Amino acid sequence: MNLSIASQQRLALLAQESGKRVLLPCPLNQRTFDFSSNDYLCLSQRGDILEAGHECAKQYGAGATGSRLLSGNLDCFEALEAQIAQFKNAEAALVFSSGYQANASGLAALLDKSLWGSTEPLVFTDRLNHASLHHACQLAGVKQIRFRHNDMTHLAELLSKHIESTQPKIIVSETVFGMEGDLLPIEQLAEIALQHKAVVYLDEAHATGVWGPEGRGLGAIQHPAIDSLKAMGHWVIMGTFSKAVGVSGAYIACSEIFKQYLVNRCTGFVYSTAPSPFVIGAVSKALEIIPGLNKERAMLHQAAETLRQQVHDIGFDTGLSNTHIVPLVVGSNTACLELKSHLQQAGIRTSAVRPPTVPPNAARVRLALNTGHAPAVYEQLLHALANWKVVA
Ligand SMILES: Cc1ncc(COP(=O)(O)O)c(C=O)c1O
């Protein structure tokens, strides 16, 4: 069959199943009313961060010219990794060009049975984990043992079923769920993991910069079980620079020895050109700034709390949200697209999130709050939402 015809037929089916996705322009001058961006701390436009990116690019070049194992290991990478390790209270860190790449290849390397003396690990995953975490499991060829979303009792039950097994156990979760907007009960998870001597792999994409002590992520909190897992080298934290950090790229913070393993065996690191020095300079500056933004974080969390109450009053369901990500769960794909379009007409940009990204019949308009949203923006949003309820 011809590729164009095959693509056309597949797209027609996708359009029927969940609606075809199209690329729309995102004009910069409409950012004020934008609830679709993950620039939670509005750092992507900050002058000192842009400047630091330019300075680093001027010194090292626009591109890294090769994989870190070939020509690309500029000293700015090593400096940033030391900074991240300190930021995350970890022994070491490794930088990647994107969060998807870090998960797909970094987690796959952790799950690779050759790491575990040819024994396939038992992998316990939250049902609502991000696509990149699923992709890693597929790449490693492991079967996922899925626990109900954020249900630590279920996780403990599943682990107990395998208590006699000598297979390594690995638990994989996000710390702030990007589509639900809820927090992982991290202390409980750490206690359960410690009991079973499991390795923990956490994705802090939506937590980095916004949650945890000084925005260092939930994985940076002090807790005896976390300290013990760290001492065992069983605490592996991934996070991105593409969301609250305002740039792009990602890190894995872990033990020094696991970092050395990744340098040797993680395909997304070995066989990929290192990130641009512009990114490294900008990220380094952003990580310097983030711990000082406690006031901004408190305002963001308060704004989310207030918005949740207000939209509940109008009759919207915000699901499990208890963070700066507030989904308006409307159920059907049609209602979701209608609400997004209604808000767009009122000048407010949002994301329509539909299955398979979220569970069936749980389509939602996702509101991602940021520190640049002024009270007038929330008023305009609430007004538009109230109007939609009247019409719907
Ligand atoms: C939970 C989670 N992990 C990983 C990623 C991928 O990160 P990046 O956009 O930097 O590739 C995302 C991005 O949407 C995400 O939401």
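# Salt bridges, strands and the domain interface

Lys-58 and Glu-55 lie 3 residues apart in helix H2 (residues 47-60), so about one helical turn separates them. The model is predicted: local features need pLDDT of at least 70 and side-chain atom pairs count only at pLDDT 80 or more, whereas totals for chains, interfaces and linings use all residues. Residues are numbered from 1 along each chain as its sequence is written, and side-chain values use heavy atoms, with hydrogens and water left out. Helices (H or I, at least four residues) and strands (E, at least two) are DSSP runs, numbered from the N terminus. The protein is divided into domain 1 (47-291) and domain 2 (294-391), with bounds that come from an automatic or database domain assignment.

**Salt bridges**

- A search of the whole structure finds 10 salt bridges, each defined as a side-chain nitrogen of Lys or Arg within 4 Å of a carboxyl oxygen of Asp or Glu.
- One of them joins the side chains of Lys-58 and Glu-55, with an N to O distance of 3.3 Å.
- Accessibility is classed as buried (under 20% relative accessible area), exposed (over 50%) or partly exposed (in between), using a 1.4 Å probe and protein chains only.
- Lys-58 is exposed, with a relative accessible area of 66%, and Glu-55 counts as partly exposed at 44%.
- In the salt bridge of Glu-180 with Arg-364, the closest N and O atoms are 3.0 Å apart, and both residues are buried.
- Arg-308 and Glu-305 also meet through their side chains in a salt bridge, at 3.1 Å from N to O.
- Both Arg-308 and Glu-305 belong to helix H12 (residues 294-314), where they are 3 residues apart, about one turn of the helix.
- Arg-308 counts as buried at 6% relative accessibility, whereas Glu-305 is partly exposed at 35%.
- A network of salt bridges links Arg-68, Glu-81 and Lys-259.

**Interface of domain 1 and domain 2**

- The C-alpha centres of domain 1 and domain 2 are 28 Å apart.
- On the domain 1 side, 18 residues are in contact with 17 residues of domain 2, where contact means heavy atoms within 4.5 Å.
- The two domains bury about 1,400 Å² between them, 56% of it on carbon and sulfur atoms.
- Met-179, Glu-180 and Val-210 supply 41% of the area that domain 1 buries against domain 2, more than any other three residues.
- Buried area is the accessible area (1.4 Å probe) that two parts lose on being put together, summed over both.
- Across this interface the rule finds 1 salt bridge and 12 residue pairs in polar contact, both residues at pLDDT 80 or more.
- A polar contact is a pair of N or O atoms within 3.5 Å; within protein, one must be able to donate a hydrogen and the other to accept it, and residues adjacent in sequence count only if both atoms are side-chain atoms.

- In strand E7 (residues 250-254), 5 of the 5 residues are buried, so the strand is largely enclosed by the rest of the structure.
- Ala-250, Ile-252 and Cys-254 point one way from E7, Tyr-251 and Ala-253 point the other way, and all are buried.
- Two strands pair if DSSP finds at least two bridges between them.
- E7 pairs in the antiparallel sense with strand E1 (residues 92-96) over 5 bridges, and Ala-92 has Cys-254 in E7 as its bridge partner.
- E7 also pairs in the antiparallel sense with strand E6 (residues 235-240), over 4 bridges; here Thr-240 stands opposite Ala-250.
- Strand E8 (residues 325-331) has 6 of its 7 residues buried, so E8 is largely enclosed by the rest of the structure.
- E8 and strand E10 (residues 363-368) form an antiparallel pair over 6 bridges, in which Gly-331 has Ala-363 of E10 as its bridge partner.

- Asn-103 lies in helix H4 (residues 99-111) and counts as buried at 1% relative accessibility.
- The side chain of Asn-103 makes a polar contact with the side chain of Asp-203 at 2.9 Å.
- Leaving aside neighbours within four places in sequence, Asn-103 is in contact with residues including Ser-132, Leu-133, Tyr-201 and Met-238.
- Asp-227, found in helix H8 (residues 224-232), counts as partly exposed at 38% relative accessibility.
- Asp-227 and Ala-190 are 37 residues apart in sequence and 9.4 Å apart in space, C-alpha to C-alpha.
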